[in-house]
Structure formats: structure tokens, C-alpha cells
Amino acid sequence: MKSSPISSSMCSFCSAVWILILLQISHVAGHFSIKPPKNPIIGYLEMEVILPCQIETLKPLTDTNINVQWILDKSSQKIEVKNYQGATEDKRYQGRTQLFDSEFNKGNMSLLLRNIHLSDQGLYTCIISSQKWYDEAVVELVLAANGGDPTITLADYKGQGIGLTCSSEGWYPRPQALWLDSRGENRTEKSAIANTEAVAGIFQVFGSITLEPGVDNEVSCKIINNLVKSERESRILISDAFYPTSSPWIAPFIIILVLFGCLIAFLAYKWRQSLQEVSQFEKETSQKKRERVCEKEAIETEKCTFQAALADIQERQERLQSELGKLEYF
């Protein structure tokens, strides 16, 4: 015997009503579930962020023995970030976390995290339990940082072109950097962009480009944070007067300048050589003078010695003559 479509519809309706009644009874009896966020939560470095954890309930919570615990799951360890029952929290999070106690009866078990560090990024588990039930949900925190406006500077001249640089710092994650023309399109000139990881994992951007004369003189440097869809851009207009100009006299002037430089170098060499010769001559002359003085002093010394010896001989001769005179007397 086949059932009619009307009876089938009635059975389905009754089943649905019965399921709703059971769910309502389950909630009234004190069994709840956490509604996790659908997407990762984005936080900004050194700011604050709320990690949502909401209990699905139709009536205010009256259980006073409820326990709320937040755990950060790192690859090597599990870090206790916050515990409502006053258990010991990790010292890295002390003073930086807060629960919304006044909204517990509404099922709001979210966590407020202040002064976000790069190490705070990861998977957080919101664990809620009581004597009657237990549930948990995972919340992913993804961090971002927007750097300052890029700075465009004139670095140097390269041939007939002008070399520009673009720099900015304080970005996370690794940003995208572009050189654009006046229409907002990528420039086709030779350019380079480098992202360097600086202190604490934050990125700084440095780019360079060479503008040739006769092309679009307007250029902009744009840096994009693709995670949060934000961007910073600086624009500059280069006047034709800044480009180096060519002249038919440049080549002869350079040649004359090089020859003049060579002449100056040769004259300096000869002058230095003559100074060395004069200095050597003066040294030799001074040495000869010192030798003559020494010779003169040696002669004077010998003369004095000879005179002293002669005086001594004369004195001895006089004494001998005196003694001979005395002998003849006797």
C-alpha cells in the first residue's frame, strides 16, 4: 500500500518540528555549541584585536561555574594565553589580554589582545567547559602592517638618463612594489625592486629605475599590501631640464681636460723630483760641513796635545839644566 503525498509531507513536517523541539530542550538543559568565525581574523601589529568566540544560545547563560580558556597552538608548544578561572597565564601575555566578563551571560567569550606582536600570529583555541558540557573552536589570527609612504629620490645620472630610487619600511607580510607611469601602468624601463626582511620580521622595500629622455616624465612608486588590500603611493614629475644634455664640444673638452690633467701630473712629478734632488744636495752639503768641522776639531785637538807635550819637554829641559849647574858648582 503506497502512502499519499499529503501523509509524507505531514510526516516530514512533524519530524522537523520534533527536531526543533529536541534542540530547544537540549539548549534548555544546558548543552551549547560555539559558533566559530568563517574567516581568519586580521590584526595589525602594535594594535589590538578581538578574537571572537560566541556561544549559540537562545537564553541567557546562568551557569556560574563556566570556564573559559584560550590556547595558542604553536608547532612546538601550546601556550596558555588566558584562563578565566585565574590559572597561571604565560608571562608573554600578562597585561595584554582581557575577557568580556559582563557579556558571559550573552555567550560572548571573545578575547581582547593588545599590543600585538608578530609572535602572536597563529591558531588560537577557545575552550569553554562546565560541569554539564564542553566545546571548543579554533580561531586563526593573521597579522599585517602597513608601512609609510614611499620616498622617491634622485640617485644619480646614468648616461643620458636619470636614476631614481624608492624606499619604504614597516611592511608585513612581504609587500608588492611597482613603478608606474602617468596612466597608472607598469613602466617598461629597466627597474629593480627588492624586499628585505628587517628587524623582527618586518619588511622594507627598496626599488630603482632609470628614466631616459623622451619618455613619460611622470613616475610613481606604489607599494601594495595584498593581505589587507591597502597601498601607499608617491608620485614625481621629472622636468626635461634635469636630464643631461649632449653638446659637440663635450668630447673635445673632455680630451683637453684629460691632457691638461696629464700635464699637471707631469709638472707635479718633475717638481717633486727637483725637490728631492735639492733635498739630497742639501743633505750632502750638510754632511760635508759636519765632516770639515770634525776634521778641524781633530786638528785643533792634536795641536793642543802637541803644544802641551812641547811645554812639558821645555820644562824638563830647564830642570835638567838647573841640576847640571848645581853639579858644576860642587
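User: Is Cys 166 buried or exposed?
Analyst: This is a predicted model. The relative accessibility of Cys 166 is 1%. The cut-off for buried is under 20%, so Cys 166 counts as buried.

User: Which residue does Cys 166 join through a disulfide?
Analyst: A disulfide is a covalent bond between the sulfur atoms of two cysteines. For Cys 166, the S to S distance to its partner is 2.0 Å. That partner is Cys 221.

User: How many residues apart are Cys 166 and Cys 221?
Analyst: The disulfide joins Cys 166 to Cys 221. Cys 166 lies in strand β12 (residues 161–171), and Cys 221 lies in strand β16 (residues 218–225). The pair links distant parts of the chain, 55 residues apart.

User: Is Cys 221 buried or exposed?
Analyst: Cys 221 has 1% relative accessibility. Buried means under 20%, so Cys 221 counts as buried.

User: Where in the chain is Cys 126?
Analyst: Its partner Cys 53 sits in the loop between β3 (49–51) and β4 (54–56). The two cysteines are 73 residues apart, so the bond links distant parts of the chain. Cys 126 itself is in strand β9 (residues 122–129).

User: What is the angle about the S-S bond of Cys 166 and Cys 221?
Analyst: The link of Cys 166 and Cys 221 is left-handed. Its angle about the S-S bond is -75°.

User: What pattern do the disulfides of the protein chain follow?
Analyst: Counting bonded cysteines along the chain, the pattern is 1-2, 3-4.

User: Is Cys 262 buried or partly exposed?
Analyst: Its relative accessible area is 46%. Buried needs under 20%, and exposed needs over 50%. Cys 262 falls in between, so it is partly exposed.

User: How many strands does the protein chain have?
Analyst: The chain has 330 residues, of which 29% count as buried. Its secondary structure includes two helices. The strands number 17.

Technical notes
Residues numbered from 1 in each chain as written. Predicted model: local features only at pLDDT ≥ 70, side-chain atom pairs only at ≥ 80, totals over all residues. Heavy atoms only, no water. Helix = DSSP H or I, 4+ residues; strand = E, 2+ residues; numbered from the N terminus. Buried < 20%, exposed > 50% of the residue type's maximum accessible area, 1.4 Å probe, protein only. Disulfide = S-S within 2.5 Å.
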